[in-house]
Amino acid sequence: MNKEKMKNFLTQMWRIRLFEEKLQELYQEGKIHGTMHLCIGQEAVAVGAMSVLRADDLMTSTHRNHGHSIAKGMSVRGMLAEILGKETGINHGKGGSMHLSDISVGALASNGIVGGGFPIAAGAALASQMQNIGQVVVCFAGDGAINQGVFHEAANLVAIWSLPVLFVIENNQYAMSSDIQKMVKIDRLSKRAESYGMDGITIDGNDVELVANTVNKATKKARDGKGPTFIEAITYRQAGHSKSDEERYRKQEERDHWIEVNDPIFRLERKGLDEAVLSREEIMKIREEMFLEIQELMNLVEQDDEPSSELLYNNVYAGRVGELID
Ligand SMILES: Cc1ncc(C[n+]2csc(CCOP(=O)(O)OP(=O)(O)O)c2C)c(N)n1
Ligand SMILES: [Mg+2]
């Protein structure tokens, strides 16, 4: 990996990590309402996968959507404002953490319905195929989502129609408190793909370069009309499931191992140093720049207004409520 590529990967991963650490602080200060789900420890999947897409390619995400959204190019300022419920938010402060979308950057939709992205991605991929525009759709989902009925319906459909879609399954070992090893009988989730006639592969999801290369290959295949791919990216959720998780279902040593040995950001930094591609100073500069970027955005967003009551129903329904009722 050359210096520029490594710097880009690190910058994006730090941007996501520090954004979420800032969210954690804001949550503790009572400035964020509802719940939220952090992807700390999973940044390499989002960054690697999105780094190889065309700008007009599409992405669907989940309740754990911050990393995917930043990596797809969504405005970080707009996301921060959204999560804080400000009018300047990417969805006018009405969607919040779990409902970030920005069609202009190809971030189609994220939502809190586990597996909810599969049919949306299948539909978008069908539209791309019918229009013959070579657009590929990446559908992120968790390990828990592939036990939902909707996964099976969508998997069959995208396979029989050879739709240009990638199911990127982030196996972060848990679905809330459910350990994946107790929830699925097979050792590799990607084995499921074969029964639908879809290519399936399992990779180390904390190796950002491997994620990028794998997604790149699958994207090219999809663009050439050769059908969908199921990619299982093995990773680990370092934070709790959401903001109300006492984490009684896993051992501290397990978590420590993933943080100390297998954190995707520190792994890449160690690789950069070992291979003499990056210096300590260059790494520190990236961290500092991202820290300042997030802090500056925060200072700006804090001044923004909350949506006024007159705007309550705007951007919520297809028309204003009165028009729909009439
Ligand atoms: C259809 C549906 N069932 C249950 C839930 C409650 N729920 C929210 S997140 C979650 C676990 C999802 O696990 P996984 O797909 O592995 O994603 P992760 O949280 O690990 O990123 C569950 C069961 C939900 N939101 N939607
Ligand atoms: Mg999971």
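What follows is a set of questions and answers about a predicted model.

Visitor: What kind of model is this, and how are residues, chains and ligands labelled?
Guide: The model is predicted, so local features need pLDDT of at least 70 and side-chain atom pairs count only at pLDDT 80 or more, while totals for chains, interfaces and linings use all residues. Residues are numbered from 1 along each chain as its sequence is written, and chains are lettered from A and ligands numbered from 1 in the order in which they are written.

Visitor: How many residues has the largest nonpolar core?
Guide: A nonpolar core is a set of buried Ala, Val, Leu, Ile, Met, Phe, Trp, Tyr and Cys residues joined through C-beta atoms within 7 Å. A residue is buried if 20 or more other C-beta atoms lie within 10 Å of its own, exposed if 12 or fewer, and partly exposed in between, with C-beta atoms placed from the backbone. Val 138, Cys 139, Val 165, Leu 166 and Val 168 have the most contacts inside the largest core. The number of residues in this core is 80.

Visitor: Which helix gives the most to this core?
Guide: Helices (H or I, at least four residues) and strands (E, at least two) are DSSP runs, numbered from the N terminus. The greatest contribution is eight residues, and it comes from residues 3–28, that is, helix 1.

Visitor: Which residues does Cys 139 touch, not counting residues up to four places away in sequence?
Guide: Two residues are in contact if their C-beta atoms, placed from the backbone, lie within 7 Å. By that rule, Cys 139 touches Thr 60, Gly 117, Phe 118, Ala 121, Val 165, Leu 166, Phe 167 and Val 168.

Visitor: Why do the buried residues of helix 5 line one face of the helix?
Guide: The buried residues of helix 5 are Gly 117, Phe 118, Ala 121, Ala 122, Ala 124, Ala 125 and Ser 128. The arc is that of the directions from the helix axis to the C-beta atoms. Seen down the axis, the buried residues of helix 5 line one face because they fall within an arc of 165°.

Visitor: Which exposed residues does helix 5 carry on the face turned away from its buried side?
Guide: The buried side of helix 5 is covered by elements including strand 1 (58–61), strand 2 (107–110) and strand 3 (137–142). The face turned away from that side carries the exposed residues Met 130 and Gln 131.

Visitor: What arc do the buried residues of helix 6 cover?
Guide: In helix 6, the buried residues are Phe 151, Ala 154, Ala 155 and Val 158. They lie on the same side of helix 6, because the arc they cover around the axis is only 105°. What covers them includes helix 5 and strand 4, whereas Gly 149 and Ile 160 are exposed on the other side of helix 6. The arc asked for is 105°.

Visitor: How far does helix 9 reach from its first C-alpha to its last?
Guide: Helix 9 (residues 208–223) has 16 residues. The expected span of a helix is 1.5 Å times one less than its number of residues. For helix 9 the expected value is 22 Å, and the reach is close to it, at 22 Å.

Visitor: Is Ile 146 buried or exposed?
Guide: Ile 146 is found in the loop between strand 3 and helix 6. Leaving aside neighbours within four places in sequence, Ile 146 is in contact with Ala 141, Phe 151, Ile 169, Leu 189 and Arg 192. With 27 C-beta neighbours inside 10 Å, Ile 146 counts as buried.

Visitor: How many Å apart in space are Glu 306 and Gly 85, C-alpha to C-alpha?
Guide: Glu 306 lies in the loop between helix 12 (280–302) and helix 13 (321–325). Glu 306 counts as partly exposed, with 13 C-beta neighbours inside 10 Å. Glu 306 and Gly 85 are 221 residues apart in sequence, yet their C-alpha atoms are separated in space by 6.3 Å.

Visitor: Where is Met 176, and is Met 176 buried or exposed?
Guide: Met 176 has a positive phi of about 50° although it is not a glycine. Met 176 lies in the loop between strand 5 and strand 6 (178–179). With 12 other C-beta atoms within 10 Å, Met 176 is exposed.
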